[in-house]
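Please work through each task before reading its solution.

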Amino acid sequence: VLTGSASKARNVLKEIEKFGATTPLEQGDLQEATKTLMAMGIAVDDTMPILKMLGDVSLGNGEKLKSLALVFGQISAAEKLTGGDLLQLINMGFNPLQNIAKKTGKTMSELRKEMSKGEISIADVREAFEDATGKGGLFEGMLSRMAGTAEGKFSNLVDNVDALKRSLGTGLLEGVKSGLDAINEQLGSLTGVFKTAGEDMGMMLAAGLSGNTDPIVKVFDYIASKF
């Protein structure tokens with residue numbers, strides 16, 4: 001629904017699976033963060049680059065990643081940084097104004113005044129994230145570094161096992177579908193048998209009540225022949 005097509009959704013899920021398998025972040029958290037970004041109007045093709053930046057800033061913490069995705073999505077939807085969104089980012093360990101100040105030479109006081117006037121755009125915030133996670137930035141390659149820890153390696157193991165289960169589940173479901181088709185086919189043929197048997201059972205009861213047992217014997221012979 002969010003991507004607009006099944007093929008795009010499959011591609012996004014494949015990218016998430018590949019990304020999760022090499023980082024401390026787990027598939028479920030990555031999927032939730034991606035859905036949040038898309039629900040806030042961020043284009044499908046932009047979600048992965050943004051997700052990778054947010055992942056570095058999250059230090060590999062799934063809950064923090066989902067919170068960062070929500071705040072980033074809010075800023076994107078409003079197209080500007082507000083004091084409330086800034087406070088949330090600061091509480092999660094990232095202040096985009098510091099990066100903007102470093103790049104522009106403006107003071108924090110000047111930038112706060114600009115923010116109060118709605119002059120710090122989503123483009124400015126995104127650029128601050130890019131600077132912080134790019135070459136020489138505070139969060140450069142953070143996910144890769146975190147992936148080298150014992151916790152990161154265990155998370156990768158969990159993601160790879162989940163991917164294996166999904167592959168197995170897909171094959172299993174195909175087998176189950178074939179089995180259900182065969183059962184439904186058999187039940188379809190049995191329906192006709194039981195319908196005819198039911199009619200004949202009615203005749204049997206009628207014959208029994210009249211004292212004539214020949215039809216009863218014929219009915220049982222008929223039913224037995226169908227099995």
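On a 1 Å grid over the protein atoms alone, a pocket is an open set of points where a 1.4 Å probe fits, with protein on both sides within 12 Å along at least five of seven lines; lining residues have an atom within 4 Å of a point. A volume is the space filled by probe spheres set on the points. This is a predicted model: local features need pLDDT of at least 70, side-chain atom pairs count only at pLDDT 80 or more, and totals for chains, interfaces and linings use all residues. Residues are numbered from 1 along each chain, and side-chain values use heavy atoms, without hydrogens and water.

**Exercise 1.** State how much space lies in the largest pocket and which residues are closest to its centre.

*Solution.* The largest pocket holds about 280 Å³ of space. Its lining comprises 15 residues, and Asn99, Lys102, Ala132, Gly137 and Leu138 are the closest to the centre.

**Exercise 2.** Determine how the rings of phenylalanine 94 and phenylalanine 129 are arranged.

*Solution.* Rings of Phe, Tyr and Trp (its six-membered ring) pair if their centres lie within 6.5 Å; planes under 30 degrees apart are stacked, over 60 edge-to-face, the rest tilted. Three aromatic pairs are found in the whole structure. For phenylalanine 94 and phenylalanine 129, the centres are 4.5 Å apart and the planes at 45 degrees, so this pair is tilted.

**Exercise 3.** Classify phenylalanine 129 as buried or exposed.

*Solution.* Buried means under 20% relative accessible area, exposed over 50%, and partly exposed in between (1.4 Å probe, protein chains only). Phenylalanine 129 has 1% relative accessibility and therefore counts as buried. Phenylalanine 94, at 3%, is buried as well.
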